[in-house]
Amino acid sequence: MAQFKLVISDSTGKSVSQELKDKSAQPLLGAKIGSVLDSSVIGISGGKVKITGGSDKSGTPMRSDVHGGVKKYVLMSEGVGAKNLEGGRIRKLVRGNMVTEEIYQLNVRLVEGRLPEKPKEEAQTAEEAASAKEEKKKK
């Protein structure tokens, strides 16, 4: 069965991470980069999300101009998967634009609606971790 790690971001720059497994991940299979879906599919009520990218289990990035769910070597000079080429071209391995079971992480942007708030317990543990990190730096 499918299992995805979802990174959901909004226009303000905030993001939350959540995991989808089995039946809750099924509606995403077959969707493509750029598809706008109802956010109830991922557990957020009253909104829409747009798939912006992702990567597979080995870290190979998805690229919107490669069709299907395949891995291919593509000659590229810029864009997703091509860093610091400085005027040259290189053949790199990328994955297609379709969401398949091999995809591990999916990046989505909230087009309409609001991000779910973190529970107070999680927020407190994050603050405690940050304060512990600061204390460690002082020592």
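Two strands count as paired if DSSP finds at least two bridges between them. In this predicted model, strand 3 (residues 36–38) and strand 4 are joined by three bridges and run antiparallel. Within that pairing, V36 stands opposite K50 of strand 4. Strand 4 also pairs with strand 7 (residues 103–112), again antiparallel, over eight bridges. Here K48 faces E112 of strand 7.

Now turn to the charged side chains. The structure holds three salt bridges. One joins K71 and D56, with N to O at 3.5 Å. This pair links distant parts of the chain: K71 sits in strand 5, D56 in strand 4, and 15 residues separate them. D56 also forms a salt bridge with R95, the closest N and O atoms being 3.1 Å apart. D56 belongs to strand 4 and R95 to strand 6 (residues 90–95), so this pair ties together parts 39 residues apart in sequence.

How exposed are these partners? D56 has a relative accessible area of 4%, so D56 is buried, the cut-off being under 20%. R95 is buried too. K71 is partly exposed, at 38% relative accessibility.

Another salt bridge pairs D65 with R63, at 2.9 Å between the closest N and O atoms. Shared partners join D56, K71 and R95 into one salt-bridge network. R63 is buried at 10% relative accessibility, whereas D65 is partly exposed at 48%.

Finally, look at T60. T60 lies in the loop between strand 4 (48–56) and strand 5 (71–76). T60 has a relative accessible area of 8%, so T60 counts as buried. Its side chain makes a polar contact with the side chain of S58, at 3.1 Å. Beyond four places away in sequence, T60 touches residues including K71 and R95.

Notes. Residues numbered from 1 in each chain as written. Predicted model: local features only at pLDDT ≥ 70, side-chain atom pairs only at ≥ 80, totals over all residues. Heavy atoms only, no water. Helix = DSSP H or I, 4+ residues; strand = E, 2+ residues; numbered from the N terminus. Buried < 20%, exposed > 50% of the residue type's maximum accessible area, 1.4 Å probe, protein only. Polar contact = N/O pair within 3.5 Å; in protein donor to acceptor, adjacent residues only side chain to side chain. Contact = heavy atoms within 4.5 Å. Salt bridge = Lys/Arg side-chain N within 4 Å of Asp/Glu carboxyl O.
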